[in-house]
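This briefing walks through the packing of one protein chain, topic by topic. Please keep the sequence and the structure in view while reading.

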Amino acid sequence: MLRSFLFDAVFVMWTALFALGIPVLWVAGSPRRPIRAVTRLWVRGVLVLLKVVVGLTYSEQGRAAKPDGPCLIISNHQSVWETLAFVVLFPDVAIIAKRELVKIPVVSWYLARSPMIIIDREAGSGALKQMLTSAQDALADGRSVLIFPEGTRKLPDAAIRFHRGAELLYARLNVPVLPVVIDSGRFWGAAQPFKRPGSVAVSYLSAIRPGLPPATFTKQAESLIQTERSRIDATRISSKCNP
């Protein structure tokens with residue numbers, strides 16, 4: 001509890017420092033590359049604070065599975081952690097995020113200009129069209145696109161169920177899909193009042209080729225993520241039983 005409170009306090013101070021850069025970057029015309037670099041610096045600082053104050057780190061497995069060119073990245077969603085960490089794990093990635101994210105002071109200014117793909121879910125089909133167009137623009141610019149197909153944060157043991165957005169992007173973008181599995185909810189989850197020490201597992205799976213029937217893709221991707229999440233959980237249980 002004390003570590004979480006301390007992290008929150010230092011997090012606010014660290015973030016406030018970056019408010020000083022907004023006028024400078026704004027006067028300079030809000031150049032995208034410098035803004036992305038500053039955003040990554042801010043995220044790296046947050047990850048360091050998590051490590052030093054909370055004792056929360058992360059480990060990666062299967063990084064070589066990442067395609068050489070731009071791709072569609074799909075990940076299960078359990079915490080704020082991956083929303084931040086993926087900015088560092090995938091430099092220049094275009095993350096599809098809810099409009100609520102751009103209401104956070106200071107952070108929103110940088111994230112909106114990184115730029116992320118901000119969608120308004122209340123806009124219905126219009127939001128899907130806007131998401132698709134923005135994703136196509138990002139890929140044309142050489143940037144990968146990341147989406148959390150579950151739509152919102154889920155509990156660590158909740159069944160993997162995709163919303164229609166990921167299936168639409170797969171069908172229309174015609175690029176490889178990189179599934180990523182995380183278990184951040186064990187340490188910083190929606191249902192947990194405090195952040196806990198430990199190491200978030202980040203697992204990259206073999207890319208799914210384009211051209212499959214969309215429904216087949218969804219079923220295959222859900223199964224792959226579910227299976228890998230279960231494997232990570234089993235490994236953690238085994239480690240506790242055999243320290």
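Predicted model: local features only at pLDDT ≥ 70, side-chain atom pairs only at ≥ 80, totals over all residues.

Angles under 35 degrees count as roughly parallel, those over 145 as roughly antiparallel, those from 65 to 115 as roughly perpendicular, and the rest as oblique. H7 and H8 pack at an angle of about 125 degrees, and the two helices are therefore oblique to each other.

**Helix H7 with helix H8**

- Helix H8 covers residues 214–241, and its axis and that of H7 are 9 Å apart, while the crossing of the two helices is right-handed.
- On the H7 side the contact is made by Ala166, Glu167, Tyr170 and Ala171, and on the H8 side by Pro214, Ala215, Phe217 and Thr218.
- Sorted by class, the residues of the contact between H7 and H8 are six nonpolar, one polar and one charged.

**Helix H6 with helix H7**

- Helix H6 (residues 125–140) packs with helix H7 (residues 164–173) at an angle of about 45 degrees, and the axes of these helices are 10 Å apart.
- H6 contributes Leu128, Met131, Leu132, Ala135, Gln136 and Leu139 to the contact, whereas H7 contributes Arg164, Gly165, Leu168, Leu169, Arg172 and Leu173.
- The contact of H6 with H7 is made up of eight nonpolar, two polar and two charged residues.

**Helix H3 with helix H4**

- The axes of H3 and H4 come within 8 Å and cross at roughly 125 degrees, which makes H3 oblique to H4.
- The crossing of H3 and H4 is left-handed.
- From H3, the residues Thr39, Arg40, Trp42, Val43, Arg44, Val46, Leu47 and Leu50 meet Trp81, Leu84, Ala85, Val87 and Val88 of H4.
- The contact of H3 with H4 divides by class into ten nonpolar, one polar and two charged residues.

**Nonpolar cores**

- The largest nonpolar core has 43 residues, and those with the most contacts inside it are Leu50, Trp81, Phe86, Phe90 and Val180.
- Two or more residues of this core come from each of the helices H1 (2–19), H2 (21–27), H3 (32–54), H4 (80–89) and H5 (107–112), and likewise from each of the strands S3 (94–98), S6 (177–182) and S7 (198–204).
- H3 gives the largest share of this core, with nine residues.
- Another core, of 31 residues, lies apart from the largest one, and among its members are Ile119, Met131, Val177 and Val181.

**Val180 and Phe86**

- Val180 lies in strand S6, and with a relative accessibility of 0% Val180 counts as buried.
- Leaving aside neighbours within four places in sequence, Val180 is in contact with Ile73, Ile74, Ser75, Asn76, Phe86, Phe90, Val202, Ser203 and Tyr204.
- The C-alpha atoms of Val180 and Lys129, which are 51 residues apart along the chain, are separated by 25 Å.
- Phe86, not counting residues up to four places away in sequence, touches Ser75, Val93, Ile95, Leu146, Phe148, Val180 and Ile182.

**Ile22**

- Ile22 lies in helix H2, and its relative accessibility is 17%, so Ile22 counts as buried, the cut-off being under 20%.
- Not counting residues up to four places away in sequence, Ile22 touches Val106, Trp109 and Tyr110.
- Between the C-alpha atoms of Ile22 and Tyr204, which are 182 residues apart along the chain, the separation is 34 Å.

**Positive phi values in loops**

- Ser30 lies in the loop between H2 and H3, and phi of Ser30 is near 50 degrees, a positive value in a residue other than glycine.
- Asn174 lies in the loop between H7 and S6, and phi of Asn174, a residue other than glycine, also has a positive value, near 55 degrees.
- Asn174 counts as exposed at 55% relative accessibility, because exposed means over 50%.

Notes. Residues numbered from 1 in each chain as written. Heavy atoms only, no water. Core = buried A, V, L, I, M, F, W, Y, C linked by side-chain atoms within 4.5 Å. Buried < 20%, exposed > 50% of the residue type's maximum accessible area, 1.4 Å probe, protein only. Helix = DSSP H or I, 4+ residues; strand = E, 2+ residues; numbered from the N terminus. Contact = heavy atoms within 4.5 Å. Axes fitted to C-alpha atoms, helices over the stretch in contact; angles between N-to-C directions. Left-handed = near helix turned anticlockwise from the far one by under 90°. Nonpolar A, V, L, I, M, F, W, Y, C, P; charged D, E, K, R; others polar.
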